[in-house]
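Please read them alongside the sequence and the coordinates.

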Amino acid sequence: MIKDLSPFYSKNARNLQSSVIRELLKLTRKPEIISFAGGLPAPETFPVEAIEQISCRILRERGRFALQYGPTEGEMPLREELAKWMALSKPGITPANILITSGSQQGLDIVAKVFIDPGDIVVMELPSYIGGIQAFSAYRAKMIGVSQDSHGMRMDLLEKTLARLAKRHKKPKFIYVVPDFQNPSGVTLTEARRRRLLELAYAYEVPIVEDSPYRDLRFRGVAQPPIYGLDTQDQVIVLGTFSKIFCPGLRLAWLMAPASWTDRMVVSKQSMDLASPTFNQMIAAEYMRQGLLRPQIEAIRKLYGKKRNIMLKALKEFMPKGVRWTKPEGGLFLWVKLPRTMNATTLFRSAVDENVAYVVGEAFYCNGKGQNTMRLNFSYPSEEQIVEGIRRLAAVIKKNM
Ligand SMILES: Cc1ncc(COP(=O)(O)O)c(C=O)c1O
């Protein structure tokens with residue numbers, strides 16, 4: 001047997017980093033831990049009975065079709081439902097624009113595989129979604145971060161970045177943004193900045209990848225139009241997913257792009273999984289067809305909105321002076337900034353000793369910064385756990401200040 005496989009690894013495989021956070025998260029498996037670390041939806045929201053009924057009917061009436069391979073692009077009834085759904089923000093979308101993927105994470109991998117050669121530039125928010133960072137670094141992208149404030153990515157800094165790159169005759173392969181209740185920070189890109197982002201993308205001829213799993217989970221404030229809805233030049237690739245508005249276990253999501261752009265993406269998906277599960281797609285399509293997705297989203301919004309308020313109240317009550325946090329208007333996460341002198345990574349072990357966990361913020365920074373930040377999830381823990389967990393976390397922070 002070959003003892004050391006590493007000489008056989010490709011350069012890309014060598015570049016795959018087992019993320020620091022996964023290592024740290026292993027410490028959080030103790031049952032007594034209150035974890036704000038995961039990004040899991042609340043399982044009590046999963047529509048188990050509806051899925052059971054729909055599944056039984058599909059198996060009874062079309063079982064042999066449901067258990068067969070399907071087309072790489074996805075099952076037509078689901079693509080049709082999604083085209084209608086997406087067309088609410090931009091008329092003219094058809095199934096030709098929709099590619100069903102096995103989770104948005106696969107969408108990110110497809111985008112990375114199709115666009116990125118080693119050393120190619122991807123521009124993204126600072127901080128940004130860790131799964132995006134992982135997917136792009138697997139293809140050895142050079143990631144350039146643009147800071148955000150409470151209104152999302154700063155367009156003045158993006159403009160400077162693009163201009164600086166253009167001066168050196170460098171063009172990013174795409175700009176990656178999570179514009180709604182961003183994972184990890186919870187902030188939302190304003191409409192004015194979305195418009196400016198498009199202007200810059202047009203001027204510098206760079207595609208935009210709009211990854212928006214949380215868009216429909218708004219608890220308060222005014223919805224901002226999706227970037228693709230404002231796009232007049234067909235320059236946006238959208239990633240949408242059922243994970244946070246239905247359930248993640250079906251592993252169903254979609255990639256929406258100008259029809260003439262999808263060829264390479266379909267081929268690249270073929271080598272990953274040939275097609276996403278037919279049965280699951282039929283379930284999702286039927287769930288949408290019966291009009292069940294809207295009320296499901298309403299119920300999730302209500303629950304997460306309540307949990308978000310409980311977490312904000314607890315933060316206000318327990319956190320020492322000098323600690324700041326975002327107040328997301330939707331989604332699953334909020335972002336905590338400790339005083340600059342503190343380090344959330346070194347603090348992590350003390351927090352776990354006190355049976356509370358979070359994700360260290362630096363994992364979300366493509367430039368290795370953000371040591372004084374952390375991400376907290378409020379969708380998964382119970383209301384009681386949120387209050388008790390924040391109390392414990394605040395005590396750990398105070399002690400280490
Ligand atoms: C911004 C973002 N993109 C993509 C994903 C992946 O989602 P999926 O479950 O569809 O693979 C997540 C999951 O948390 C996410 O937060």
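1. Strand S2, residues 98-101, directs Ile98 and Ile100 to one side and Leu99 and Thr101 to the other, and all of them are buried. Strands and helices are DSSP runs numbered from the N terminus, with at least two residues (E) for a strand and at least four (H or I) for a helix. A residue is buried if 20 or more other C-beta atoms lie within 10 Å of its own, exposed if 12 or fewer, and partly exposed in between, with C-beta atoms placed from the backbone. In a regular strand, side chains alternate between the two faces of the sheet.

2. The model is predicted: local features need pLDDT of at least 70 and side-chain atom pairs count only at pLDDT 80 or more, whereas totals for chains, interfaces and linings use all residues. Residues are numbered from 1 along each chain as its sequence is written.

3. S2 pairs with strand S9 (residues 253-256) in the antiparallel sense through four bridges; pairing requires that DSSP find at least two bridges between the strands. Within this pair, leucine 99 lies opposite leucine 255 of S9.

4. The protein is divided into domain 1 (7-46 + 295-400) and domain 2 (68-292), with bounds from an automatic or database domain assignment. Their C-alpha centres are 24 Å apart. Contact, defined as C-beta atoms placed from the backbone lying within 7 Å, involves 34 residues of domain 1 and 35 residues of domain 2. On the side of domain 1 that touches domain 2, helix H1 (11-15), helix H12 (293-318) and strand S11 (333-337) each give two or more residues. The largest share, eight residues, comes from H12.

5. In helix H13 (residues 344-353), the buried residues are Ala344, Leu347, Phe348, Ala351 and Val352. They lie on the same side of H13 because they cover an arc of only 140° around the axis, the arc being that of the directions from the helix axis to the C-beta atoms. The face turned away from the buried side of H13 carries the exposed residues Thr346, Arg349 and Asp353. Asparagine 355, which follows H13, has a positive phi near 65°.

6. An open sheet of four strands, paired antiparallel, has the order S10-S11-S14-S13. Strands S10 (324-325) and S13 (359-360) are at the edges with a single partner strand each, so one side of each has no neighbour in the sheet. S13 is joined to strand S14 (residues 373-377) by two bridges and runs antiparallel to it; valine 359 stands opposite arginine 375 in S14.

Terms used
Contact = placed C-beta atoms within 7 Å.
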